[in-house]
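This report goes through a structure part by part. The sequence and the model come first, and the description follows.

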Amino acid sequence: MSTHDVTLWGYALLVTALAVLELVGRRPGSSVPSLGVVIGTVMSRRSGRVAVMAAWVWLGLHFLAL
Amino acid sequence: MTGQSARAASGVGGRERSSVVLAGVLLLASFVDGVSDNWVHAAVLTGAAVGLWWDNGRRAARQPALLERKPGPRTGVWLGFVALAYAVAAGALHPYTWPVTLAVVIPGTTAIVLSWRGPLFPRPVPPAIGARGAVWWGVVFVAGALWELAALLQQPSIQVGSYAHPTVSFLMDSVLASWAGRSLTLALWLGLGWALMSSATREGE
């Protein structure tokens, strides 16, 4: 297996981990919150809202803009 | 000090700490972008950091949410249609040029200003989350950041991608090479922005 494949498997593993956490978080009574709850909590403060939206803008700039 | 005033004081302290920490993180990210020759990115991040710093500790009057309630399905369809048309039009622009930069900066800056003001529409604050549960999300996001950083550091240089150690940006290059790919990416980015804006809540600021 090449380093290219290993890197891609790493990304796939991370995406799978996110999906598993989300599924676990959506189970009733789970101690793991869903991603929506985590983001809602972070964005309940002005600093959190601004930081999350700044990260989103950065993402758009990074992939498409100068 | 009464229990209520102690809680209020502790809330203010927590708010100030989180603002300072986040402003610091944004400044650090801005510095890294700046030394990588991404000056527009650095300017946006510095602007948000300076704004957070300036705003820290101010007792601005609470403004009501922009909308009275969450838009209904019909408005949602119209908004989706407008966002899709915007993505198709902006996707036709050449990547990494000033026109497409403006096409990202305009909705982006609008979203930051609106999020500063408050949530888009009233929404209940989610129940408090336990540290144990939140840690799992932190572990996965930090692992992702480290994996991406490891690939980045194994490139020939910070601006030259590597097939052997591809970053997400390197993998996205082939998608962004076509109009359809850029439009789809922009549409997904706008959708993510809307989802994030819709997730915003407000507790005592």
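## A residue of chain B

B:Leu188 is exposed because it has 11 other C-beta atoms within 10 Å. A residue counts as buried if 20 or more other C-beta atoms lie within 10 Å of its own, as exposed if 12 or fewer do, and as partly exposed in between, with C-beta atoms placed from the backbone. B:Leu188 lies in helix H7 of chain B. Its C-alpha atom is separated by 9.6 Å from that of B:Ala83, a residue 105 places away along the chain.

## Basis of the description

This is a predicted model, in which local features need pLDDT of at least 70 and side-chain atom pairs count only at pLDDT 80 or more, while totals for chains, interfaces and linings use all residues. Residues are numbered from 1 along each chain as its sequence is written, and chains are lettered from A and ligands numbered from 1 in the order in which they are written.

## The two chains

Chain A has three helices and zero strands, and its elements run α-α-α from the N terminus on. Helices (H or I, at least four residues) and strands (E, at least two) are DSSP runs, numbered from the N terminus. Of the 66 residues of chain A, 48% count as buried. The radius of gyration of chain A is 16 Å, whereas a compact globule of 66 residues would have a value near 11 Å. This radius is taken over C-alpha atoms, and the globule rule is 2.2 Å times the number of residues to the power 0.38. Along the principal axes, the C-alpha atoms of chain A fill a box of roughly 45 × 40 × 15 Å.

Chain B has seven helices and zero strands. Of its 205 residues, 20% count as buried. Among contacts in chain B between residues at least 6 apart in sequence, 61% join residues at least 24 apart. Two residues are in contact if their C-beta atoms, placed from the backbone, lie within 7 Å.

## Where the chains meet

In chain A, 40 residues are in contact with 59 residues of chain B. On the chain A side, helix H1 (3-25), helix H2 (35-42) and helix H3 (46-64) are the elements that give two or more residues. H3(A) provides the largest share of that side, 17 residues. By class, the side of chain A that touches chain B has 25 nonpolar, twelve polar and three charged residues. Here Ala, Val, Leu, Ile, Met, Phe, Trp, Tyr, Cys and Pro count as nonpolar, Asp, Glu, Lys and Arg as charged, and the others, Gly among them, as polar.

A:His4 is found in helix H1 of chain A. With 13 other C-beta atoms within 10 Å, A:His4 is partly exposed. Leaving out residues up to four places away in sequence, A:His4 touches B:Tyr163, B:Ala164 and B:Pro166.

## Helix packing

H3(A) and helix H6 (residues 168-176) of chain B pack at an angle of about 65 degrees, with their axes 10 Å apart. H3(A) is therefore roughly perpendicular to H6(B). A:His62, A:Phe63 and A:Leu64 of H3(A) make the contact with B:Ser169, B:Met172 and B:Leu176 of H6(B). Axes are lines fitted to C-alpha atoms, for helices over the stretch in contact, and angles run from 0 to 180 degrees between N-to-C directions. Angles under 35 degrees count as roughly parallel, over 145 as roughly antiparallel, 65 to 115 as roughly perpendicular and the rest as oblique.

Within chain B, the axes of H4(B) and H7(B) come within 11 Å and cross at roughly 5 degrees, so these two helices are roughly parallel to each other. The residues of their contact divide into five nonpolar, two polar and no charged.

## The nonpolar core

The largest nonpolar core has 41 residues, and those with the most contacts inside it are A:Met53, A:Ala54, A:Val57, B:Leu26, B:Leu45 and B:Ala48. Such a core is a set of buried Ala, Val, Leu, Ile, Met, Phe, Trp, Tyr and Cys residues joined through C-beta atoms within 7 Å. H3(A) supplies the largest share of this core, eleven residues.

B:Leu45 touches A:Ala54, A:Trp58, B:Leu26, B:Ala29, B:Ser30 and B:Asp33, not counting residues up to four places away in sequence.
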